[in-house]
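This report covers one protein model.

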Amino acid sequence: MTVYLFFTFIIGLMGMQPAKNGEFHKTYISRNQSTSVNGLFTLFVFLTHATNYIKLGSVYDSTYNSFKIHLLQLIVVPFLFYSGYGVMESIRKKGMDYVKQVPKNRFLKVLTHFVIAVSFYLIYNICCGKSFPLSQILLSFIGYSSIGNSSWYIFAVLGLYLIVFVSFMLARKNHFLGAILATLLSIAFIYMQIRLKRPGYCYNTTILFPAGMLFSLLRKPIEKIVMKNDIFYFCTLGITFIGYIFFFLKRANGVEFYSIWGMFFMGLILLVNMKIQMCNGLLEFLGSHVFSIYILQRLPMMIFQKIGLAQSHRYIFIAASFFVTLAIAVVFDAAMDKLDSKLFVRKKKVIENT
């Protein structure tokens, strides 16, 4: 696994463009940059999921294991943060027209794609003679349960979209009030899942979504300080790194510490991107297919495990699963685009996405 981790970092380094001394990349949180970062973390998520189907333990796995154990759920932090940031940017630009369309063009669209994807898992299980209780099947269609598919992230995102809608329908044009309400409701959403005894990974990074919304509102004053000169930048970087280490050591003390750890991690990503531009077509491609890669990757993994490839040739298993996942993800997204054009068509001034 360490070999694949090494190649992942090589892919991440390809095409990087450092800024000159005293200069910064103003596009550190542009669509292209966030897509590229998501593409890199899509690879991390894929490797993490792949390890659920193979045995690790050799000396060649030690470095990867250390990396995996260290980051844990932080591999999803950019997805949540950039999603929250993008939603807030859209609300600022398009106002209540965008907010009113969130249930349909955010919530319902994601749910529709997810239900279709989960249906493939249901078909696979039926073909393999594997059955589940009806309640588990129904709950899997909203991401609360699973029938072999990845699920918790979608449940979290669906809940967050509803939170955004409620928050801004109450706050109307007051963006700061809306973001604060979304933050408070997100915290309530987290504690609801704790009371339901959901596993920690289902909620311990959820706060990064409203954190992205708040960053959208505070970005300019933050940039004014951090990008003033290299001294301010490196002081901020040092403080952020110290905060990251401190909360890493405290992360087991509760969801509050874990969530703040995730915030400092995202802070490091943003700060690094201010100085190092990611210009990589492969990462942009992966980042543009995040949902389909995430939700479909377990299908080829399950199939290849079923035929014994995971047990006999684990490196071939990972490579085969990856390329099959990419193929079906591209086909799936093309099909969903056609479906969306029929189900979610609106006037141009309203349908522009973030």
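## The nonpolar core

The largest nonpolar core has 109 residues. Such a core is a set of buried Ala, Val, Leu, Ile, Met, Phe, Trp, Tyr and Cys residues joined through side-chain atoms within 4.5 Å. Buried means under 20% relative accessible area, exposed over 50%, and partly exposed in between (1.4 Å probe, protein chains only). Phe 41, Phe 81, Phe 317 and Ile 318 have the most contacts inside the core. Helix 7 (residues 152-171) gives the most to this core, with twelve residues. Helices are DSSP runs (H or I, at least four residues), numbered from the N terminus.

Ile 318 is in contact (heavy atoms within 4.5 Å) with Met 1, Tyr 4, Phe 46, Leu 47, Ala 50 and Ile 54, leaving aside its neighbours within four places in sequence.

## Basis of the model

The model is predicted: local features need pLDDT of at least 70, side-chain atom pairs count only at pLDDT 80 or more, and totals for chains, interfaces and linings use all residues. Residues are numbered from 1 along each chain as its sequence is written, and side-chain values use heavy atoms, with hydrogens and water left out.

## Helix 8

Helix 8 covers residues 175-195. At 1.5 Å a residue, its 21 residues should span 30 Å, and the end C-alpha atoms are 30 Å apart, which agrees. The expected span is 1.5 Å times one less than the number of residues.

The buried residues of helix 8 are Gly 178, Ala 179, Ala 182, Thr 183, Ser 186, Phe 189, Ile 190 and Gln 193. They cover an arc of only 140° around the axis, so they lie on the same side of helix 8. The arc is that of the directions from the helix axis to the C-beta atoms. These buried residues pack against helix 7, helix 9 (208-226) and helix 11 (255-275). The face turned away from the buried side carries the exposed residues Leu 184 and Arg 195.

Arg 172 lies in the loop between helix 7 and helix 8. Its phi is positive, about 55°, although Arg 172 is not a glycine. Arg 172 is partly exposed, at 38% relative accessible area.

Lys 197 is not a glycine either, yet has a positive phi of about 60°. At 73% relative accessibility, Lys 197 counts as exposed.

## Ser 140

Ser 140 belongs to helix 6 (residues 134-140). Ser 140 is buried, with a relative accessible area of 0%. Not counting residues up to four places away in sequence, Ser 140 touches Phe 114, Val 118, Ser 145, Ser 146, Ile 147 and Asn 149.

Conventions: Helices (H or I, at least four residues) and strands (E, at least two) are DSSP runs, numbered from the N terminus.
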